[in-house]
Structures are given as C-alpha cells and as structure tokens.
Amino acid sequence: MKTRMKELVELLNRYAYEYYTKDTPSVSDSEYDQLYRELVELETAHPDEILPESPTHRVGGVVLKGFTKYQHQYPLYSLQDAFSREELEAFDQRVRKEFSSISYVCELKIDGLSISLTYENGVLVTGATRGDGSVGEDITENLKRVKDIPLVLPEPVNITVRGECYMPRASFDRVNQIRQENGEPEFANPRNAAAGTLRQLDTKIVAKRNLATFLYQEVSPTDQSSQEGVLEKLARLGFVVNQERVLAEDMEQIWEFIQKVAQLREDLPYDIDGIVIKVNDLAVQEELGFTVKAPKWAVAYKFPAEEKEAKILSVDWTVGRTGVVTPTANLTPVQLAGTTVSRATLHNVDYIAEKDIHQDDTVIVYKAGDIIPAVLRVVKDKRVSDQALAIPTQCPSCQSELLHFEDEVALRCINPLCPAQMKEGLNHFASRDAMNITGLGPAVVEKLFAAQLVEDVAGIYRLTVEDLLTLEGFKEKSAEKLYEAIQASKENSAEKLLFGLGIRHVGSKVSQILLQEFHDIDQLATADPERIASIDSLGMVVAESLKSYFAQEGSKRLLQELKEASVNMVYLGEKVAADAALSGMTVVLTGKLERLTRSEAKAKLESLGAKVTGSVSKKTDLVVAGSDAGSKLTKAQELGIQVEDEAWLESL
C-alpha cells in the first residue's frame with residue numbers, strides 16, 4: 001500500500017509537470033483522473049500515510065486561521081527602477097566603470113506577486129510572500145494550489161528559489177465575470193486579483209482561480225556561474241521559466257529587446273510592466289554587491305503607464321443575464337495603448353460614488369490590466385456640473401424597480417420576465433457549451449425578440465421555417481438550416497440543457513456532475529438540497545441555488561414547455577444497453593496494455609456497462625491486467641477476483 005501510494009504520487013506529479021510546465025502531456029485527462037481517484041481512495045483509507053508532496057494537497061479543503069510571519073533565510077531585495085533609456089545608460093555606465101566587459105540577461109518583469117519557495121530534499125516545505133524582503137507571510141498551503149509549482153523536485157536538493165505568482169489574463173476575465181454575475185466588486189487588474197487570491201483563507205478559492213508562476217532566481221547559494229545557467233537549472237528542476245528573454249552585450253541590444261517586447265506585450269497571455277536587466281556573470285554580481293535596498297547589478301525598466309483625458313458624454317446601463325445592471329461611460333474618443341477608446345467601464349454604483357463622478361466630467365482613462373478601458377479618476381478642476389451622475393431606479397429594459405442589496409455592489413433587476421435578461425439567457429442557452437445551436441447568435445436572437453416570435457428559451461422550439469423566413473436576411477436554405485439545428489439540439493444530453501438554463505452557480509462542469517448523479521432533470525428538481533450538497537466539489541451554495549430555481553413557478557412552467565417540445569431531460573453520457581456484457585460490474589485496469597491506451601480501454605469497459613475504478617477491493621468484480629501489473633493483480637488474486645487480459649477485453 002505504501003509503495004503504491006508513493007508510486008502514484010510520483011506518477012501524478014510527473015504528469016502534472018508535463019501538463020502544466022512542459023505543455024507536453026503524456027497521458028490523457030481520464031487516465032490522470034483515474035490514478036488521482038485511486039490515490040484519494042488510498043489516502044482516505046490510510047490518512048497517516050499521506051505524503052507531503054501528494055498532489056491531493058492542490059485542491060480544496062483547508063480553511064486557514066490566518067498567515068504567520070516568515071523570516072526569510074536569504075533576503076529578497078527589490079530592484080532599482082528606470083523609466084527612460086538615459087537612466088538605463090547611466091546604470092550601464094556605473095557597471096562598466098568597474099567591469100568593462102559585461103553581458104546582461106534581459107527578462108520580462110511579470111506583473112504579479114513576488115514569492116519564495118523552499119525545498120528540503122526536493123520537497124516543498126515553505127512558500128512565502130516577499131513582504132519587506134526580510135519578513136514575509138507563510139502562504140504555503142495556498143501556493144500548493146498553484147498547479148505549476150512542483151510539490152517535489154526530480155532531484156533531492158535543498159534549495160530556495162524566487163519568482164512571480166500571477167493570474168493569467170484568461171483566468172482574470174473568468175474570475176471577474178463570475179464576480180460580476182454574483183454582484184461582487186470586480187478586481188481592477190490581474191495583479192490585484194493574484195494578490196487577493198493568495199491572501200484567501202479558503203484554499204478552495206485559490207485552487208479554482210488558476211494562478212500561475214514564473215521562477216527566475218536561485219536565492220540560496222548556487223552551483224551555477226551565470227544567471228542564464230540559473231534559469232536553465234530552474235527549468236531542469238521542473239519550474240516554469242519564462243522563455244521571452246535575451247542575452248545582450250550592450251545598450252543597443254537591450255533597447256532593441258525593450259522595443260520588441262513593447263510591441264508584443266498586448267498579445268501576451270499575462271501582464272508585464274517592464275523589463276529586468278541583470279548582469280549575467282554571478283561572480284560579477286557578487287563583486288558589485290548591494291545598496292541598502294537593491295542590488296547594484298540589476299535594474300527594472302518600467303513601461304510608461306498610458307493615461308488620457310476624456311470627457312464623459314453619457315452613460316449606458318445594460319442588463320446582464322443574471323439581472324446585474326452595469327454602467328459604461330461613452331467618452332470623447334482617445335488613443336490608448338494603441339487603440340481608439342470611446343467607452344470605459346464604470347463597474348457599479350459603488351465605484352461611481354467612490355470616484356465622485358458627475359455628469360459631463362472630464363476623467364482620466366486607462367486600460368485596467370492594459371486591456372479593459374476604465375475610469376481612473378476625475379479631473380476636478382475641469383468639472384462643469386455640480387450634479388452627480390444619475391443612477392437609474394428602474395430597469396432600462398423592463399422598467400421594473402432596481403434593487404441594491406446590502407451585500408452587493410451591483411444594481412439588480414429581479415424581474416424574471418425582463419426582456420434584456422431573456423435575450424441574454426437565450427444567447428447563453430444557444431451557446432456552444434450549452435445547447436450548441438449553430439446559427440442562433442446574438443443578432444438572430446435580437447431579430448426574434450423584435451419580431452415577437454419568442455419570449456423565452458422554450459419559444460425557439462415552437463418556431464417553424466415559415467417563421468424564420470419572416471426575419472430580415474433569411475432565405476429558404478438558411479431558415480431550414482437553423483430550424484434543423486434547433487431540432488437537433490432536442491437530442492442533447494441533459495447536462496447541456498441544465499447549463500443552458502443559466503442557474504446561478506451551475507456551470508457546465510457542475511451540470512455534468514449533477515446529471516451523472518441524478519440522471520434526469522426531474523429527479524434533480526425534487527432532490528433534497530442536503531443530498532446535492534454532499535456531492536464532492538459542490539456544496540450548499542449550489543444546492544440552495546437549485547432549490548430556489550426549481551421552486552419558482554416560472555421555472556416549472558418553462559421546464560414543462562420544454563418537455564412538451566420533446567427536449568431531452570435525461571443524461572446520456574453513461575447510457576448503455578441493459579444486457580451489455582459487463583453491465584453492473586466494477587472493473588479495475590492495471591498494468592501496461594500493448595494495443596490499447598488506458599483511456600481507450602476504460603472507454604471500452606464503460607461502453608460494455610462497467611464502472612471503472614482505480615483500486616481493488618472486495619467490491620471489485622473483475623480486474624483487466626496487462627504486463628507488470630504489480631500490487632493490484634496480487635490483491636485481486638488474494639481476494640479471488642476474476643482476472644482477464646487485454647485480448648479477452650478485445651474479444652468482447
């Protein structure tokens with residue numbers, strides 16, 4: 001058992017390194033999940049044997065009481081800033097005054113949170129914030145949830161490394177979308193989001209937000225002679241090292257790299273705010289030494305923050321799918337970060353009050369995270385009106401009263417028949433991850449509502465080809481094609497429908513988990529919330545949201561209309577014939593297969609009606625064993641469980 005747990009930990013950590021760091025996965029997601037489940041089962045049965053480097057530490061579970069102070073063994077210095085080429089040249093001259101023959105490593109300055117990681121015998125023991133450079137905070141449990149940080153290194157070394165933990169732009173967009181829908185204040189930029197995430201006391205939240213890292217320094221004494229050598233060593237040990245760097249011999253090459261990166265930075269999947277220039281030779285670094293605050297051998301060139309003045313012309317208030325009403329300022333057009341900006345988010349009513357925004361104000365506009373145009377502040381000496389910006393009291397779509405709940409920063413329309421919400425709901429319903437109705441995009445949805453052909457998502461199933469032909473731009477062929485796509489969506493597995501309904505806190509993954517458990521939407525609608533909450537990875541927030549949704553008369557009516565339209569309400573993912581060869585049997589795969597991959601074999605077994613699990617127990621009915629099967633085969637033989645080989649499986 002101990003041997004198998006150790007084997008699983010080593011395998012899963014290697015597979016995670018291949019997936020998150022090297023981007024070259026060697027196993028399928030399903031095979032990884034199967035091994036992971038086997039490890040969870042073993043750790044549940046033997047909690048005293050859990051290894052500190054186990055990948056199960058990366059998810060859920062721990063609610064921290066707070067963060068303790070952490071005394072850095074090796075100080076973490078900040079960097080001297082430079083804001084122009086002239087300042088960079090002054091830095092270069094100071095270095096060359098002592099060492100005439102010098103090369104520099106130029107690296108991207110990641111806009112995140114500086115972290116320190118300490119490993120003993122190759123195992124992560126401490127992760128900490130930089131703090132003031134001498135004392136930081138111990139955030140080890142949170143950093144264990146950052147999936148590209150190795151929990152165990154391929155070599156049993158004692159090492160302390162430094163890097164940057166950041167939130168990728170795609171993760172930032174997802175997090176802010178969820179926060180907006182929940183009526184929570186949005187993060188201003190990815191850096192704030194990363195910092196806020198790493199200070200969460202609930203590690204489940206950290207695990208969900210998909211932070212990432214770049215490591216760039218060996219803080220403890222190194223066996224390398226150059227910064228470039230250190231970066232290569234860190235990559236060899238399994239850390240993510242940024243490849244966008246250059247070895248420069250003079251200021252011309254440094255400035256050329258800066259100009260190149262300035263052009264590329266908009267297209268990077270993460271935020272940067274400058275370039276770090278370091279002397280490459282570590283012996284020269286040691287000779288140059290430090291000031292009180294910063295190394296003399298490095299400098300950080302900071303990109304200029306672009307801000308422009310613009311005048312607020314008007315404000316649009318738009319209603320989202322969940323009823324959240326969001327303000328957007330229409331501006332006099334300005335050029336910002338290479339694009340023309342004429343609109344900027346005002347986030348919510350609390351943001352407007354905090355910034356003291358008035359009608360016709362002149363404001364400073366910037367791109368939050370260098371992406372989203374936003375209002376930074378008001379230029380008050382150019383204020384022309386004493387009248388505060390008007391805040392609507394009625395929904396701009398349905399005229400219902402807007403509510404501003406005490407625990408939310410957003411205005412919200414709670415009218416379930418609000419046309420704007422219904423349009424957004426239908427757009428969501430037809431989207432790829434939901435019912436995937438090709439051709440039913442926002443423009444067509446707008447036309448359907450304008451023509452009063454639909455009132456809700458059930459209405460699309462009452463459409464005829466003749467109805468569609470009345471819409472502008474539709475001909476016989478396009479009308480028939482959309483009609484066929486709508487009809488085909490009736491056959492989708494029910495988790496697609498559940499996600500399409502747009503129930504709060506019920507995303508595509510949660511929808512699948514729910515329908516795997518309850519099999520059809522009718523059973524889910526009447527399920528006890530406690531049972532829903534007990535499902536792994538869900539909880540009472542999801543359970544209460546479902547209870548509230550299914551209790552509404554409008555929801556009941558909508559589901560009935562969908563049934564009458566013959567929309568499938570049953571989960572089809574595990575549908576197999578009742579007389580399938582392995583129906584109802586619990587099967588374990590073990591050993592190396594010659595002709596099938598593990599995922600292919602698992603799929604074949606499931607298609608034959610089997611439930612495939614990761615560990616052998618008294619409940620196991622059958623073991624399919626390849627070569628080098630090991631402990632699972634031994635245990636199966638001890639328990640007298642039927643054992644077959646790959647050829648037998650193929651014969652079925």
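Predicted model: local features only at pLDDT ≥ 70, side-chain atom pairs only at ≥ 80, totals over all residues.

Trainee: How much of the chain is buried?

Mentor: Buried residues make up 50% of the 652 residues. The label applies to a residue with under 20% relative accessible area.

Trainee: What share of the contacts in the chain with a separation of 6 or more comes from residues 24 or more positions apart?

Mentor: Such pairs account for 67% of those contacts.

Trainee: Which domains does the assignment give?

Mentor: The assignment gives domain 1 (1-58), domain 2 (80-302), domain 3 (307-411), domain 4 (419-490), domain 5 (494-565) and domain 6 (586-651).

Trainee: How do you know that domain 2 and domain 3 are in contact?

Mentor: Contact requires heavy atoms within 4.5 Å. By that test, 16 residues of domain 2 are in contact with 15 residues of domain 3. The C-alpha centres of these two domains lie 34 Å apart. Between them, domain 2 and domain 3 bury about 1200 Å², with 49% of it on carbon and sulfur atoms. On the domain 2 side, Glu-181, Gly-183 and Glu-266 lose the most area to domain 3, together 35% of what that side buries.

Trainee: Why is Glu-181 called partly exposed?

Mentor: Its relative accessibility is 21%. Buried would need under 20% and exposed over 50%, so a value in between is called partly exposed. Glu-181 therefore counts as partly exposed.

Trainee: Where is Glu-181, and what does Glu-181 touch beyond residues up to four places away in sequence?

Mentor: Glu-181 belongs to helix α5, residues 169-181. With those sequence neighbours not counted, Glu-181 touches Arg-321, Thr-322, Val-324, Arg-412 and Arg-504.

Trainee: How does the span of helix α3 compare with what is expected?

Mentor: Helix α3 covers residues 85-98, 14 residues, and reaches 21 Å from its first C-alpha to its last. That is close to the 20 Å expected at 1.5 Å a residue.

Trainee: Which residues of α3 are buried, and what puts them on the same side?

Mentor: The buried residues of α3 are Leu-88, Phe-91, Asp-92 and Val-95. They cover an arc of only 95° around the axis, so they are on the same side of α3. An α-helix has 3.6 residues a turn, so residues three or four places apart point the same way. On the other side of α3, Glu-86, Gln-93 and Lys-97 are exposed.

Trainee: What do the buried residues of α3 pack against?

Mentor: They pack against β2 (81-82), β3 (104-110), α9 (251-264), β10 (272-279), α10 (282-288) and β11 (298-302).

Trainee: Which cysteines does UniProt list under "binding site", and how do you know that they gather at one spot?

Mentor: The unreviewed UniProt entry lists Cys-395, Cys-398, Cys-413 and Cys-418 for "binding site". They span 24 residues in sequence, yet no two of their C-alpha atoms are more than 8.8 Å apart, so they gather at one spot.

Trainee: Where are Cys-398 and Cys-418 found?

Mentor: Cys-398 is in the loop between β16 (372-378) and β17 (411-412). Cys-418 lies in the loop between β17 and α12 (419-430).

Trainee: Is Cys-418 buried or exposed?

Mentor: Its relative accessibility is 0%. The cut-off for buried is under 20%, so Cys-418 counts as buried. Leaving aside neighbours within four places in sequence, Cys-418 is in contact with Val-319, Cys-395, Ser-397, Cys-398 and Cys-413.

Trainee: What makes Glu-164 buried, and where does Glu-164 lie?

Mentor: Glu-164 lies in strand β7, residues 159-166. With a relative accessible area of 11%, Glu-164 is buried, since the label needs under 20%. Glu-164 is one of the positions that another "binding site" feature in the unreviewed UniProt entry names.

Technical notes: Residues numbered from 1 in each chain as written. Heavy atoms only, no water. Helix = DSSP H or I, 4+ residues; strand = E, 2+ residues; numbered from the N terminus. Expected span 1.5 Å × (residues − 1). Buried < 20%, exposed > 50% of the residue type's maximum accessible area, 1.4 Å probe, protein only. Arc of directions from axis to C-beta. UniProt positions renumbered as here; feature names shortened; annotations may be inferred. Domains from an automatic or database assignment. Buried area = accessible area lost by both parts, 1.4 Å probe.
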